[in-house]
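I opened my notebook to look up how the pieces of this fold sit against one another. Here is what I jotted down.

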Amino acid sequence: MIQSVSITNFRNIKQEEVNTSSRFVLLYGNNGQGKTSFLEAVQLLVSNQNSRSRVTRQLIRQEQSFARLFSTQQSQKQTYQTELKLLLLANGRVQKKYLENGQEKIFRKRKYSLPCVFFCPQEVRLFEGSPGRRRAFWDNLLENCEPNYA
């Protein structure tokens with residue numbers, strides 16, 4: 001379970017820290033305030049996937065050179081921390097650095113993982129679009145909920 005999330009320079013979020021340790025977390029606010037960006041940041045941090053953008057540069061807040069996503073999580077009575085840094089390089093590319101308990105790791109070789117299914121407002125296309133899009137969404141959902149599904 002994610003206990004807390006800290007986000008810096010991610011999309012339109014300059015700096016935000018959210019305690020997520022309660023069973024339910026309610027995000028509310030006007031349009032364009034960062035609710036979907038917060039969820040997108042959590043998805044990226046725990047799954048290294050981004051459903052909203054194929055261009056990593058767009059994830060770093062305008063006129064900034066980095067973004068940082070940090071969380072404290074609890075799994076099987078053990079607390080650990082995960083961090084993802086997005087660094088804008090001089091050549092315009094973005095370098096990702098993933099850390100687990102302060103140690104740099106290759107994402108797929110991390111020790112801790114959480115299932116994550118991201119459903120954003122744009123996913124309404126699931127009901128309008130092709131059957132393939134729906135199948136891919138349900139496959140992702142079932143893989144995260146039931147590890148033996150594959």
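Predicted model: local features only at pLDDT ≥ 70, side-chain atom pairs only at ≥ 80, totals over all residues.

**What covers the helix**

I began with the cover over α1: its buried residues are covered by parts that include β1, β2, β3, β4 and β5.

Next I checked how much of α1 is hidden. The helix is mostly covered, with 10 of its 13 residues buried. I listed them: Ser37, Phe38, Glu40, Ala41, Val42, Gln43, Leu44, Leu45, Val46 and Ser47.

Then I looked at the span of α1. From its first C-alpha to its last, this 13-residue helix reaches 18 Å, close to the 18 Å expected at 1.5 Å a residue.

In what order do the 6 strands of the open sheet come? I read off β2-β1-β3-β4-β5-β6, with antiparallel pairing. I reminded myself that strands of a sheet pair through backbone hydrogen bonds.

I picked out one pair to follow. Strands β1 (residues 2–10) and β3 (residues 66–75) run antiparallel and are joined by 6 bridges. I found Val5 bridged to Ser71 in β3.

Last, back to the helix: α1 (residues 35–47) packs on the sheet, and its direction makes about 110° with that of β1.

Key: Residues numbered from 1 in each chain as written. Heavy atoms only, no water. Pairing = 2+ DSSP bridges. Helix = DSSP H or I, 4+ residues; strand = E, 2+ residues; numbered from the N terminus. Contact = heavy atoms within 4.5 Å. Axes fitted to C-alpha atoms, helices over the stretch in contact; angles between N-to-C directions. Expected span 1.5 Å × (residues − 1). Buried < 20%, exposed > 50% of the residue type's maximum accessible area, 1.4 Å probe, protein only.
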